[in-house]
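This briefing is intended for a reader with the sequence and the coordinates at hand.

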Amino acid sequence: MGKRFTETEKWKDKWFRSLRAEFKLAYLYLLDNCDHAGVIDFDEQLAEFQIGNAIDWKAFFAACEGRIARLESGKFFICKFIEYQYGELSEECRGHNPVFLSLKRHNLLKGYLKGIQGGQDKDKDKDKDKNKEKNKEEGDYHGGVRDWE
């Protein structure tokens with residue numbers, strides 16, 4: 001059985017608080033059932049059975065826009081999952097191997113590495129710092145994962 005970190009402050013976050021109860025459960029279900037990289041081969045019927053409630057999935061995914069991406073394969077990717085669970089990925093860390101394997105399997109590795117290793121100038125860094133402060137003030141919970149800049 002896998003273990004995951006969870007963000008206990010999510011219950012104070014404006015976005016999470018505004019979700020209907022069944023959407024909160026659906027979001028937590030995805031976090032608990034995705035693979036090491038935050039990818040899930042989603043089965044609506046199984047999810048509803050395990051949640052114990054019917055879910056309007058179209059409305060749910062609309063409410064999660066920017067937090068969950070649909071891959072070309074039809075699977076879903078929790079965009080901020082990796083950084084929250086692992087911090088910075090390293091190929092030298094054996095514990096990160098399953099993450100890299102999943103990213104490769106789902107053709108996400110190149111885009112993910114570009115996102116975390118891309119060159120950035122000082123002005124962009126300053127803007128990001130300002131945005132982080134703004135998000136902290138407003139509450140910016142992304143399903144237990146931090147921004148993937």
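**Aromatic rings and their surroundings**

The charged end of Arg67 is placed over the ring of Trp15, at 3.9 Å from the ring centre. The model is a predicted one.

- Trp15 belongs to helix 1 (residues 14-18) and Tyr27 to helix 2 (residues 21-33), so the pair ties together parts 12 residues apart in sequence.
- Trp15 and Tyr27 are both buried.
- Tyr27 also pairs with Phe60: their ring centres are 6.5 Å apart and their planes stand at 55 degrees, so this pair is tilted.
- Tyr27 in helix 2 and Phe60 in helix 4 (residues 57-63) are 33 residues apart, and their pair links distant parts of the chain.
- The relative accessible area is 1% for Tyr27 and 0% for Phe60.

- Ring pairs join a cluster whose members include Trp11, Phe42, Trp57 and Phe76.
- Phe23, another member of the cluster, has the charged end of Arg20 over its ring, 4.1 Å from the centre.

**Overall chain**
- Along the sequence, the elements follow the pattern α-α-β-α-α-β-β-α-α-α-α.
- Of the chain's 149 residues, 37% count as buried.
- The accessible surface comes to about 9900 Å², and carbon and sulfur atoms contribute 48% of that surface.
- Of the contacts between residues at least 6 apart in sequence, 63% join residues at least 24 apart.

Key:
Residues are numbered from 1 along each chain as its sequence is written. This is a predicted model: local features need pLDDT of at least 70, side-chain atom pairs count only at pLDDT 80 or more; totals for chains, interfaces and linings use all residues. Side-chain values use heavy atoms; hydrogens and water are left out. Helices (H or I, at least four residues) and strands (E, at least two) are DSSP runs, numbered from the N terminus. Buried means under 20% relative accessible area, exposed over 50%, partly exposed in between (1.4 Å probe, protein chains only). Contact means heavy atoms within 4.5 Å. Accessible areas come from the Shrake-Rupley method with a 1.4 Å probe; for residues, only the protein chains shown count as cover. Rings of Phe, Tyr and Trp (its six-membered ring) pair if their centres lie within 6.5 Å; planes under 30 degrees apart count as stacked, over 60 as edge-to-face and the rest as tilted. A charge sits over a ring if NZ of Lys or CZ of Arg is within 6 Å of the ring centre and within 35 degrees of the ring normal.
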